[in-house]
Amino acid sequence: MRLATFVDPSLGVDARFGIVRGENVVDVVAAANALQRAVPATSVKIALTSGTHTLEALEELVAAAERAKLSRPVAGVKFLPPIPDPSKFFCVGKNNKKHREELAANKMLTEAPNEPTGFIKLVSTMSGDGDAVVKPNDITTLDYEPELCYVVGKRAHGVKKADAMDYIAGFTLTNDVSAREIQQREVASGSRFWTAKNMPGFAPVGPCILTMDEVTDTDNLWVTCDVNGKRRLRSNTGDYLYKISDVLAHFSRYVVFEPGDLIAMGAPSGVAVGQPNAEELYLQPGDDMMISFEGLMSLRTRIVAPGSASKNNLPVRG
């Protein structure tokens with residue numbers, strides 16, 4: 001199942017909960033009301049964290065809505081971050097051997113980690129599909145990091161590695177947009193690059209969350225990044241040094257993960273900073289960036305100059 005949070009401009013600006021089927025989306029609350037049925041869930045977070053019976057009820061509702069022709073084209077809606085209010089957006093760092101080498105070559109890695117490392121992406125930095133992200137005037141090395149991002153389905157504390165997948169409810173795409181010159185300075189000063197990763201809009205997420213049954217193996221997904229229609233990188237999630245079971249077992253020893261929390265698994269190799277022509281690849285105003293899980297879904301982000309456009313006043317998907 002593909003779960004989404006969206007705005008339908010024909011109905012106003014309120015966020016709505018939908019299930020995406022192909023090129024159509026079913027507005028769950030509107031469909032339930034039209035069919036005079038109970039509403040199984042009113043948000044993506046509730047749907048993913050309240051048990052299998054909720055997902056089963058949603059499947060039945062969507063099937064009935066499709067028979068009643070209550071779905072609408074996705075081309076007419078604007079997708080928001082699927083879960084806009086996780087208690088935490090946790091990111092795994094340095095989780096790819098080749099990316100570690102890229103960072104080390106640019107003085108952004110001062111150690112060789114022998115266990116999972118992480119940092120926090122501020123929830124307020126999340127942006128949705130098609131949103132504009134402002135490149136500050138004084139940032140010259142704006143980079144992309146397309147990543148696999150998991151959704152925690154139930155409270156996780158002291159999780160054993162063998163049981164970790166029981167705590168994961170779904171997955172999505174995220175782009176850990178990064179200001180590399182700031183990251184380099186922060187690493188040199190001994191801090192964990194909070195500023196470099198947490199400027200407004202620097203965490204595009206979505207457009208949907210897929211339940212785990214949508215793919216055979218999330219450790220064998222091809223992740224790509226295209227800028228202005230040209231391929232920048234293609235990497236497999238199997239290249240992660242630590243899998244989600246390692247990550248959740250390691251950090252939940254002390255950190256409590258709540259239902260709906262997001263865990264991004266780290267950058268692939270092939271980002272701009274690691275390339276010999278990096279200066280030509282760093283993102284600039286006017287760039288149209290698309291990250292994807294091949295064959296599953298894509299997440300678009302536009303880079304703009306300060307004052308050019310509000311990310312909350314953009315055309316709908318189409």
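Guide: A residue is buried under 20% relative accessible area, exposed over 50%, and partly exposed in between. The model discussed here is predicted.

Visitor: What does Arg21 count as, given its relative accessibility?

Guide: The relative accessibility of Arg21 is 28%. The limits are under 20% for buried and over 50% for exposed. Because 28% falls between these limits, Arg21 counts as partly exposed.

Visitor: Which residue forms a salt bridge with Arg21?

Guide: Side chains of opposite charge can pair when their charged atoms come close. The cut-off for a salt bridge is 4 Å between nitrogen and oxygen. For Arg21, the closest N and O atoms are 2.6 Å apart, and the partner is Glu59.

Visitor: How many residues apart in sequence are the parts that Arg21 and Glu59 tie together?

Guide: Arg21 belongs to strand 2 (residues 16–21), and Glu59 to helix 3 (residues 52–67). The pair therefore ties together parts whose separation in sequence is 38 residues.

Visitor: Are Asp131 and Lys78 buried or exposed?

Guide: Asp131 and Lys78 form a salt bridge, with the closest N and O atoms 2.9 Å apart. Asp131 lies in strand 9 and Lys78 in strand 5 (residues 78–80), so the pair ties together parts 53 residues apart in sequence. Both residues are buried.

Visitor: Where does Arg2 lie, the residue that forms a salt bridge with Glu214?

Guide: The closest N and O atoms of Glu214 and Arg2 are 3.7 Å apart. Glu214 is in the loop between strand 14 (203–211) and strand 15 (222–227). The pair links distant parts of the chain, 212 residues apart, and Arg2 lies in strand 1.

Visitor: Which strands stand at the edges of the open sheet?

Guide: Five strands make up this sheet in the order 9-19-18-15-16, with mixed pairing.

Visitor: What is the bridge partner of Ser292 in strand 19?

Guide: Strand 18 (residues 288–293) runs antiparallel to strand 19 (residues 297–304), and six bridges join them. In strand 19, Ser292 has as its bridge partner Ser298.

Visitor: How many charged residues line the second largest cavity?

Guide: This cavity holds about 60 Å³ of space. Its lining includes Asn96, Pro146, Asp239 and Tyr240. Asp counts as charged. The lining divides into four nonpolar residues, five polar ones and, as for charged, one.

Notes. Residues numbered from 1 in each chain as written. Predicted model: local features only at pLDDT ≥ 70, side-chain atom pairs only at ≥ 80, totals over all residues. Heavy atoms only, no water. 1 Å grid on protein atoms, 1.4 Å probe; cavity = no way out; pocket = protein on both sides within 12 Å on 5 of 7 lines; lining within 4 Å. Points joined across faces, edges and corners; volume = space filled by probe spheres on them. Pairing = 2+ DSSP bridges. Helix = DSSP H or I, 4+ residues; strand = E, 2+ residues; numbered from the N terminus. Salt bridge = Lys/Arg side-chain N within 4 Å of Asp/Glu carboxyl O. Buried < 20%, exposed > 50% of the residue type's maximum accessible area, 1.4 Å probe, protein only.
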